[in-house]
Amino acid sequence: RQTMPAADLSDSVEQTLNDVFGYQSFRTFQKEIVHSLIQGKDAFVLMPTGGGKSICFQIPALHRRGTAIVVSPLISLMKDQVDALRVNGVKAACCNSSLGAGELREVMAQLQADQLDLVYVAPERLLSADFLQLLQRIEISLFAVDEAHCVSQWGHDFRPEYVGLGRLRDYFPAVPMVALTATAEKQTRLDIINHLHLENAHQVIASFDRPNIRYTVIDKSKPYQQLGVFLQHHQHESGIIYCLSRKRVDEVAKKLRQDGFKAAAYHAGLSANERKQVQDDFIRDDLPIVVATVAFGMGIDKPNVRFVVHYDLPKNLESYYQETGRAGRDGLPAEALLLFGYGDIAISRGLIEKGGNPEQKRIEIHKLNAMVGFAESGTCRRRALLGYFGETLEDDCGNCDICLNPPQRYDASEDARKALSCVYRVGQRFGIGHVIEVLRGAKTQRIFDLHHEQLSTYGIGREQSQDHWSHLLRQLIHYGYLEQDIGNYSVLKLTEAARPLLRGEAELTITKPRVKPGRKKRPERK
Ligand code: ADP
Ligand code: ZN
């Protein structure tokens, strides 16, 4: 082969950084990890996307004898990295199911002839008998396990093949291993260390804080209108609106276009061409708004995304963090808005209940609960979010809805009594909508047919809005005073806990609803 060697073992790592990658200097953690690996010590790197993890194994790969074996779960990511390395003159190849038989043979032959600095390989191939046999015959500089959270059932992206990677430690005890991930939840981290036997690894755990992102959670009442108010404050800005289903994506995108926004839908139901078009337009700033399922965003490195809206509840905090993290990569102020609806909890729970093994379900329910806890918490969002990832903030952040606009609590005992008695008076046979109509004294045919205008609770809440009662009823469900019979038209029923409240023996304080998306982040320039 005619290519110049990308680095000489005797070069300094700084020289390689300059010559091969074109960077001036190492980030501090990169230097530490690079040196550990070159010395043959294991390493573990936990760092948000964009932190610069790749260099950590790519440079040692050029400074140790033999070939580095890089495990990566996604063919597209492998290809991007290999292409980028080749442009820089590094001898890299990938080995995955996208290769034809001939190409595969060629890569294997190069590997055998010690002609490659790095080989990217999917875990199932790496652990195949052929491949392992080949590896026994060559010199391996290091193992890099990228997206290492895939090893954990707690990770959002569990891949059973990853678990087998622990065997590499038995087969190749002398080869250093580095695991890298941007998923920080504590149990995941422990799983990675256990499964890959990285107990003695040099660990770098970076802060996951994204201080320029302002987190806001509002109660979902009329989501499309709430979105509209938010977008008015973000005209001409680029943003992503995540919805849970394809149907919802199409619906919202269509409405936005009808209302004059430049918005397109993106989900797995579209053709590859359509998706590519949307993605390209978005990246080139020809299309400001993409309404998408979570399929959108993987591998998109667009610096000036100014907002991410979650129209529906994300399934866990890992997803929420990842998705909101697509905003403000340029470091300028960005917004993350979550529309939090109690109805969404039931939907997500339903989806979880449908599939997976019992253990998986248990984990997912646990994570969903953490997500709900975050949305409901009256404490600094950033503290709650980072806390979930095991990181402690010294102070409240000053840049989330809770910090900027602390929740107001009020004594809801009287209102709660009205609502609970109304549930009782309608015979515990109706849902939220009907109970509110009775409370507010609605004059509908249905009410008259049922003679509910004759109930003592009819109209006792007419001075309060529909939103007020809806928020209160949902809080009563949340705090366990009411149960919603999901299997039976979501009928409301009193629980034991409701008794003392109804009898006036207990009080209830709750927070006022938060339905406004918050004000513009900077005052209008004159
Ligand atoms: P990660 O894998 O953590 O998401 P990457 O390795 O892809 O991050 O790097 C993210 C970005 O940072 C890339 O655009 C890369 O070019 C840049 N980068 C990495 N290390 C350095 C460095 N030492 N100096 C300047 N830029 C760097
Ligand atoms: Zn805060």
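Tutor: Two strands pair if DSSP finds at least two bridges between them. Helices (H or I, at least four residues) and strands (E, at least two) are DSSP runs numbered from the N terminus. This is a predicted model, in which local features need pLDDT of at least 70, side-chain atom pairs count only at pLDDT 80 or more, and totals for chains, interfaces and linings use all residues. Residues are numbered from 1 along each chain as its sequence is written, with chains lettered from A and ligands numbered from 1 in the order in which they are written.

Student: What makes strand 3 and strand 7 edge strands?

Tutor: They belong to an open sheet of seven strands, ordered 3-4-2-5-6-1-7 with parallel pairing. Strand 3 (92-95) and strand 7 (202-205) each pair on one side only. Here too, neighbouring strands are turned by 15 degrees against each other on average, direction ignored. Strand 3 runs parallel to strand 4 (residues 118-121) and is joined to it by four bridges, and Ala-93 has Val-119 as its bridge partner in strand 4.

Student: Which strands does helix 2 touch?

Tutor: Helix 2 (residues 28-38) packs on this sheet against strand 1 (43-46), strand 5 (140-145), strand 6 (177-181) and strand 7, and its direction makes about 160 degrees with that of strand 7. Contact is counted if the C-beta atoms of two residues, placed from the backbone, lie within 7 Å. Helix 5 (residues 101-112) also packs on the sheet, touching strand 2 (67-71), strand 3 and strand 4, at about 130 degrees to the direction of strand 3.

Student: Why is helix 15 called roughly antiparallel to helix 16?

Tutor: The axes of helix 15 (residues 342-354) and helix 16 (residues 358-376) come within 10 Å and cross at roughly 165 degrees. Axes are lines fitted to C-alpha atoms, for helices over the stretch in contact, and angles run from 0 to 180 degrees between N-to-C directions. Angles under 35 degrees count as roughly parallel, over 145 as roughly antiparallel, 65 to 115 as roughly perpendicular and the rest as oblique. The pair is therefore roughly antiparallel. Among the residues in this contact are Ile-345 and Ile-352 of helix 15 and Ile-365 and Leu-368 of helix 16. By class, five are nonpolar, one is polar and four are charged. (Ala, Val, Leu, Ile, Met, Phe, Trp, Tyr, Cys and Pro count as nonpolar, Asp, Glu, Lys and Arg as charged, and the others, Gly among them, as polar.)

Student: What makes helix 19 roughly perpendicular to helix 20?

Tutor: Helix 19 (residues 413-425) and helix 20 (residues 432-439) pack at about 110 degrees, with axes 10 Å apart. That value therefore makes them roughly perpendicular. Lys-418, Ala-419, Cys-422 and Val-423 of helix 19 meet Val-435, Val-438 and Leu-439 of helix 20. Six of the contact residues are nonpolar, none is polar and one is charged.

Student: And why is helix 20 called oblique to helix 22?

Tutor: Helix 20 and helix 22 (residues 466-478) cross at roughly 130 degrees, with axes that come within 10 Å. This angle makes helix 20 oblique to helix 22. Ile-432, Val-435, Ile-436 and Leu-439 in helix 20 face Gln-466, Trp-469, Ser-470 and Leu-473 in helix 22. That contact has six nonpolar, two polar and no charged residues.
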